[in-house]
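Thank you all for making time this morning. I would like to walk you through one structure, and I will begin with a question once it is on the screen.

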Amino acid sequence: MLPATSSAQKSAPLKPEGPTIQAAAVGFRVNEAKVDASTKVTSTALVQRHQGQDVALMAVGVGAMIAGALIGGTAGTIIIIGGAAMGLYGLYHYLE
C-alpha cells in the first residue's frame, strides 16, 4: 500500500472555530449540490433579448419625428406619424 493513499496518513478536515461569514448571513441559502442544471436560469439572456434592435427602432422613430417636424406640411405630418409608430413599436418590444 502506498503511503499517499493510506487513510492513516490523512488528517481530519479542519472546521473553523468561532463566528463565520456563512453563519452571519441572513436569508435563504440554496445548497448548490441539490440544484440541478435544469433549474438554473441565466438572467442575462432573458433581460437583453433583442435589446439593441428595440433601442434602434426607438431612436430611428424619434429621428423621423424630428425630421418630419423640420419638413413640415402634409409630408412632414405623415413622417411624424410614421416615426411615432416606429418608436412606439420599439418601445413595446423593449418593455416586453
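Which exposed residues does the face of H3 turned away from its buried side carry?

What you see is a predicted model, in which local features need pLDDT of at least 70 and side-chain atom pairs count only at pLDDT 80 or more, while totals for chains, interfaces and linings use all residues. Residues are numbered from 1 along each chain as its sequence is written, and side-chain values use heavy atoms, with hydrogens and water left out.

The protein has 4 helices and 0 strands, where helices (H or I, at least four residues) and strands (E, at least two) are DSSP runs numbered from the N terminus. Along the sequence this gives the pattern α-α-α-α. Its accessible surface comes to about 8,400 Å², and 66% of that belongs to carbon and sulfur atoms; such areas come from the Shrake-Rupley method with a 1.4 Å probe, and for residues only the protein chains shown count as cover. Buried residues make up 10% of the 96 residues, with buried meaning under 20% relative accessible area, exposed over 50%, and partly exposed in between (1.4 Å probe, protein chains only).

Let me turn to H3, which has 21 residues and reaches 30 Å from its first C-alpha to its last, close to the 30 Å expected at 1.5 Å a residue; the expected span is 1.5 Å times one less than the number of residues. Asp54, Met58, Gly61, Ala64 and Gly68 are the buried residues here. Seen down the axis of H3, they fall within an arc of 125°, so they line one face of the helix, the arc being that of the directions from the helix axis to the C-beta atoms. As background, an α-helix has 3.6 residues a turn, so residues three or four places apart point the same way. Now to the opening question: the face of H3 turned away from its buried side carries the exposed residues Gly52 and Leu70. Just after H3, glycine 72 takes a positive phi of about 75°.

Within H4, Gly76, Gly83, Gly87 and Gly90 are buried.

The C-alpha atoms of isoleucine 81 and glycine 68, 13 residues apart along the chain, are separated by 8.5 Å.

Finally, the surface. Val55, Leu88, Leu91, Tyr94 and Leu95 form a nonpolar patch with about 470 Å² of accessible area together, and H4 gives the most to this patch, with 4 residues. Patches are made of residues with over 30% relative accessible area and no salt bridge, like charges being joined within 9 Å and nonpolar side chains (Val, Leu, Ile, Met, Phe, Trp, Tyr) within 5 Å; a salt bridge is a side-chain nitrogen of Lys or Arg within 4 Å of a carboxyl oxygen of Asp or Glu. Leucine 88, one of the patch residues, is exposed, with a relative accessible area of 55%.
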